[in-house]
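Subject: Structure for you to look over

Hello,

Here is the structure I promised. My notes follow below.

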Amino acid sequence: MTPPPRRIAVVGGGVSGLAAAVALARRATLDQTAVELTVLEADHRLGGRVLGGELAGAMIDLGPESILAREADTWTLLKDLGVEAKVVRPGTTSASIWNGRRLVAIPRGFPLSVPAQMTWSWRWDVVRAIGPLPALRAGLEPWLKGPVPSPDQALGPFISARLGRSVLRGLVDPLLGGIYAGSADQLSIGAVAPQLLQALRLDPSLLRGLRRMSSPTPPTAGAPPSPFITLRGGLSTLVEALAAALPAHAAKLGAQVSAIEAGPGGTCRLRVEGQPPLEVDGVVLALPAPHAA
Ligand SMILES: Cc1cc2nc3c(=O)[nH]c(=O)nc-3n(C[C@H](O)[C@H](O)[C@H](O)COP(=O)(O)OP(=O)(O)OC[C@H]3O[C@@H](n4cnc5c(N)ncnc54)[C@H](O)[C@@H]3O)c2cc1C
């Protein structure tokens with residue numbers, strides 16, 4: 001006898017929920033198991049923070065606009081969704097930091113603006129960004145070194161101790177703030193800068209370790225390859241591709257989950273505002289933490 005399908009509810013139809021639902025559907029196909037997926041989204045559209053709009057006839061992103069290209073999983077997902085050919089890299093300009101007086105170009109080529117290169121043009125970039133003495137202080141790191149941090153340690157104090165406060169406040173923090181909307185003092189190294197831990201495995205000095213890593217690209221003339229990618233049509237293209245990869249009728253819009261209770265026989269019962277409760281065998285919560293709490 002064929003076992004009944006496992007009923008899985010994904011709560012939240014942002015990119016996380018959609019990607020989770022697509023991954024579950026793919027896994028079930030590979031394992032030849034039957035899964036009944038339901039994506040419950042409170043809003044009347046999918047995508048969550050990802051939202052496209054139009055300005056003067058051009059498509060623009062009104063929220064997130066790019067994806068960090070270094071994650072292998074990102075490329076696997078884009079390929080699986082068939083949108084790899086739509087990938088574009090912003091390559092016309094480099095990001096700048098406002099140092100209180102003027103815009104200075106972020107030194108390019110190494111993770112999180114950590115100034116690890118030794119070429120004169122690179123050093124000049126760093127001097128322009130944070131000033132000569134702080135740049136000199138950063139350059140002393142191979143001799144000063146310091147303890148190897150754990151992945152859960154905050155990035156801010158680590159950068160400050162290794163390279164000086166100016167590198168943290170003038171280079172690393174502004175870049176991180178732009179990406180994670182948070183301070184380096186509250187973001188863990190393992191989560192936002194795993195490359196730095198990798199570098200420390202190669203050499204006790206962070207700067208020497210970064211130089212020895214094969215992935216960094218040295219600064220080149222002209223526009224450097226951006227570490228960010230997006231898709232033609234903006235990130236809504238990703239949402240559309242994820243939605244298209246869902247099993248038919250899996251997405252339920254206007255379905256706000258207000259409670260999750262234990263049901264009979266190890267099942268879960270989801271209360272959905274204005275709708276009958278939904279009994280499932282498993283739940284994926286793909287919500288921002290305050291909504292999930
Ligand atoms: C202005 C801005 C710019 C950003 N730029 C970038 C960027 O360029 N690159 C990048 O990688 N990241 C960026 N981010 C971060 C990125 O947007 C988020 O990390 C990502 O969109 C989160 O997706 P998510 O699916 O986890 O959550 P969300 O997008 O928040 O989706 C959660 C979904 O759950 C739904 N929901 C909430 N409560 C319930 C409930 N009770 N029942 C049912 N559904 C519910 C919501 O309606 C929503 O659709 C940016 C964020 C902001 C705000």
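**Two exposed loop residues**

H249 is exposed, with a relative accessible area of 71%. Exposed means over 50%, buried under 20%, and partly exposed in between (1.4 Å probe, protein chains only). H249 sits in the loop between helix 11 (236-245) and strand 10 (251-252). Its phi is near 65°, positive in a residue other than glycine. Helices (H or I, at least four residues) and strands (E, at least two) are DSSP runs, numbered from the N terminus.

Q32 has a phi near 55°, again a positive value in a residue other than glycine. Its loop runs between helix 1 (15-31) and strand 2 (35-40). Q32 counts as exposed, at 73% relative accessibility.

**Basis and confidence**

This is a predicted model: local features need pLDDT of at least 70, side-chain atom pairs count only at pLDDT 80 or more, and totals for chains, interfaces and linings use all residues. Residues are numbered from 1 along each chain as its sequence is written, and side-chain values use heavy atoms, without hydrogens and water.

The average pLDDT (the predictor's confidence in each residue, from 0 to 100) is 87, and 89% of the residues score at least 70. Residues 216-223 fall below 50. Where pLDDT is low, the predicted coordinates should not be read in detail.

Best wishes

Note on methods: Contact means heavy atoms within 4.5 Å.
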